[in-house]
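Visitor: Hi, can you walk me through this one? I'm new to reading structures.

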Amino acid sequence: RSEVATSSCLVALARRRSRYVTPEEDFEVAVSYTDVKVEDTQDGRGKCLVTLRPLQPGELILSEKPLFLRPQGWSQRRVAMQLGRLPWPIRSRMLELAEAPIDSKDQDDGAGGALLRVLRANGLQSLQGTSVCHVISRANHSCRPNATLRPEVSGAISLVAVTELEAGDEILISYLSGEDLLRPTWVRRKELQRGPWKFRCECPRCQAIDDTR
């Protein structure tokens with residue numbers, strides 16, 4: 001179990017809405033908050049998502065509509081143009097999230113490529129494409145996750161517990177596929193290193209004796 005920091009940056013206990021229009025379609029940004037908060041980690045991983053109440057397997061933790069959706073099939077150029085048209089309230093929320101390393105292929109998104117880097121580092125697979133969420137995208141990776149993502153037909157992303165959690169526990173998801181989680185430690189670490197995240201996993205499972213064959 002990871003240690004939980006005490007300084008809270010965001011207490012998500014209320015429902016908030018804002019509405020804006022893009023050239024492609026109307027987007028509604030709405031977060032249905034439950035008892036979670038975003039904190040600083042104590043081990044240098046940045047931010048983390050913590051539950052404020054006990055949770056049972058299968059219980060809904062949080063459901064959130066994305067700040068930005070990259071539809072399937074969109075080119076990098078089209079995505080950059082769309083990001084550049086985001087209104088400031090949405091852009092500023094995205095820029096609060098972690099960025100992937102700089103890529104030579106990054107294009108002008110109105111923020112020096114930072115929004116594209118945020119999309120790479122925080123993109124969540126949805127039924128419509130790749131989504132970035134203000135809260136759920138804060139969830140860190142573990143090769144032994146205690147929560148999973150559930151894309152909704154509405155476009156929202158739901159976060160669901162897969163193990164019992166106590167109040168104060170960090171909510172952890174897997175950035176890897178279910179198939180990759182069955183692979184040896186060195187393979188999982190390699191996938192995370194070469195993916196958009198570029199980090200070496202030091203979760204408890206990766207630090208323990210390899211449990212795969």
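This is a predicted model: local features need pLDDT of at least 70, side-chain atom pairs count only at pLDDT 80 or more; totals for chains, interfaces and linings use all residues.

Visitor: Got it. Which elements each supply at least two residues of the lining of the largest pocket?

Guide: Three are listed: H3, strand S10 (140-141) and helix H6 (204-207).

Visitor: What volume does that largest pocket have?

Guide: About 830 Å³.

Visitor: And how many residues line the largest pocket?

Guide: It is lined by 36 residues. Nearest its centre lie Arg-45, Asn-140, His-141, Glu-170 and Leu-172.

Visitor: How do the lining residues of the largest pocket divide by class?

Guide: There are 14 nonpolar, 9 polar and 13 charged residues in that lining.

Visitor: Which element gives the largest share of the lining of the second largest pocket?

Guide: H3 does, with 5 residues. Strand S8 (124-125), strand S11 (147-151) and helix H4 (178-181) also supply at least two each.

Visitor: What about classes in the lining of the second largest pocket?

Guide: This lining has 16 nonpolar, 10 polar and 2 charged residues.

Visitor: Switching topic. How do helices H1 and H3 pack?

Guide: Helix H1 covers residues 76-84, and helix H3 covers residues 114-122. They pack at an angle of about 115°, with their axes 9 Å apart.

Visitor: Why give an angle and a distance?

Guide: Two packed helices are described by the angle between their axes and the distance between the axes.

Visitor: So are H1 and H3 roughly parallel or roughly perpendicular?

Guide: Roughly perpendicular to each other. Angles of 65 to 115 degrees count as that.

Visitor: Is the crossing of H1 and H3 left-handed or right-handed?

Guide: H1 passes H3 in a right-handed crossing.

Visitor: Which residues meet there, between H1 and H3?

Guide: From H1, they are Gln-76, Val-79, Ala-80 and Leu-83. From H3, they are Leu-115, Leu-116, Leu-119 and Arg-120. By class, that contact has 6 nonpolar, 1 polar and 1 charged residues.

Technical notes. Residues are numbered from 1 along each chain as its sequence is written. Side-chain values use heavy atoms; hydrogens and water are left out. Axes are lines fitted to C-alpha atoms, for helices over the stretch in contact, and angles run from 0 to 180 degrees between N-to-C directions. Helices (H or I, at least four residues) and strands (E, at least two) are DSSP runs, numbered from the N terminus. Angles under 35 degrees count as roughly parallel, over 145 as roughly antiparallel, 65 to 115 as roughly perpendicular and the rest as oblique. A crossing is left-handed if the near helix is turned anticlockwise from the far one by less than a right angle, and right-handed if clockwise. Contact means heavy atoms within 4.5 Å. Ala, Val, Leu, Ile, Met, Phe, Trp, Tyr, Cys and Pro count as nonpolar, Asp, Glu, Lys and Arg as charged, and the others, Gly among them, as polar. On a 1 Å grid over the protein atoms alone, a cavity is a set of points where a 1.4 Å probe fits but cannot get out, and a pocket is an open set with protein on both sides within 12 Å along at least five of seven lines; lining residues have an atom within 4 Å of a point. Grid points are joined across faces, edges and corners, and a volume is the space filled by probe spheres set on the points.
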